[in-house]
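The following exercises are to be worked with the sequence and the coordinates at hand. Each task is followed by a solution in steps.

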Amino acid sequence: MTSSSAGRQDVVDDHVASLAMECRNDLLEAAVVLDTLALCHGHNGSYLPRPYQETSTPVPTDVELRTDASDVAGDLARHDQQYGTGTTGDIPAPLEDGCTDNDRDAVRAYARREWITQQERWPG
């Protein structure tokens, strides 16, 4: 690789890393907002199964919010494992079909830890 093409590759790599971090920050923010809404509707409870099949039976708001919060937090965990962007370590396994409530609780707790750490590093 010539120095010119190596320089261009460095620019591309920097841009990709920047985009990955921007995507990660979006996932983190969405996960925390959904988690906060879920916590406002109750701290404990069940989740919808994964995968979920829509039915005509209405889903309680708290269950839907907990499920959505854990799904986005699971995406955050997957992103952090793939790109190495986690800051607190101990990244839980991303959610898969058939995951347990404990798996869902773990990714939500991970998103909270990541958010708190980010806020402590960037006050104001």
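**Exercise 1: Leucine 27**

Setting aside neighbours within four places in sequence, leucine 27 is in contact with Val72, Asp75, Leu76 and His79. The model is a predicted one.

*Task.* State which helix holds leucine 27, and determine whether leucine 27 is buried or exposed.

*Solution.* 
1. Leucine 27 belongs to helix α1, which covers residues 3-40.
2. The relative accessible area of leucine 27 is 19%. Buried means under 20%, so leucine 27 is buried.
3. For a distance in space, take glutamate 96: 69 residues separate it from leucine 27 in sequence, and the C-alpha to C-alpha distance is 17 Å.

**Exercise 2: The pair α2 and α3**

*Task.* Describe how helix α2 and helix α3 are arranged, giving the angle at which their axes cross, and list the residues that make the contact.

*Solution.* 
1. Two packed helices are described by the angle between their axes and the distance between the axes.
2. The axes of α2 (residues 61-83) and α3 (residues 101-121) come within 8 Å, and they cross at roughly 70°.
3. Angles of 65 to 115 degrees count as roughly perpendicular; α2 and α3 are therefore roughly perpendicular to each other.
4. The crossing in which α2 passes α3 is left-handed.
5. On the α2 side, the contact is made by Arg66, Thr67, Ala69, Ser70, Asp71, Ala73, Gly74, Leu76, Ala77 and Asp80. On the α3 side, Arg104, Val107, Arg108, Tyr110, Ala111 and Glu114 take part.
6. Sorted by class, the contact of α2 with α3 has seven nonpolar, six charged and three polar residues.

**Exercise 3: Serine 70 and arginine 108**

*Solution.* 
1. Serine 70 is found in helix α2 and arginine 108 in helix α3.

**Exercise 4: The largest nonpolar core**

*Task.* Which members of the largest nonpolar core touch the most other members, and which helices each supply at least two residues of this core?

*Solution.* 
1. In soluble globular proteins, nonpolar side chains tend to be buried together.
2. The largest nonpolar core has 17 residues, of which Ala31, Leu34, Val72, Ala73, Leu76, Val107 and Ala111 touch the most other members.
3. At least two residues of this core come from each of α1, α2 and α3.
4. Leucine 34 is in contact with Leu65, Asp68, Ala69 and Val72, neighbours within four places in sequence being left aside.

**Exercise 5: Loops and backbone geometry**

*Task.* Characterise the peptide bond from arginine 50 to proline 51, the phi of aspartate 90 and the surroundings of threonine 88.

*Solution.* 
1. Most residues other than glycine have a negative phi, and most peptide bonds are trans.
2. The bond from arginine 50 to proline 51 is cis, with omega near 0°. Proline 51 lies in the loop between α1 and α2.
3. Aspartate 90 is not a glycine, yet its phi is positive, at about 50°. This aspartate is found in the loop between α2 and α3 and counts as exposed at 69% relative accessibility.
4. Threonine 88 lies in the loop between α2 and α3 and counts as partly exposed, at 29% relative accessibility. Apart from neighbours within four places in sequence, threonine 88 is in contact with Tyr110, Arg113, Glu114 and Thr117.

Methods
Residues numbered from 1 in each chain as written. Predicted model: local features only at pLDDT ≥ 70, side-chain atom pairs only at ≥ 80, totals over all residues. Heavy atoms only, no water. Axes fitted to C-alpha atoms, helices over the stretch in contact; angles between N-to-C directions. Helix = DSSP H or I, 4+ residues; strand = E, 2+ residues; numbered from the N terminus. Parallel < 35°, antiparallel > 145°, perpendicular 65-115°, else oblique. Left-handed = near helix turned anticlockwise from the far one by under 90°. Contact = heavy atoms within 4.5 Å. Nonpolar A, V, L, I, M, F, W, Y, C, P; charged D, E, K, R; others polar. Buried < 20%, exposed > 50% of the residue type's maximum accessible area, 1.4 Å probe, protein only. Core = buried A, V, L, I, M, F, W, Y, C linked by side-chain atoms within 4.5 Å.
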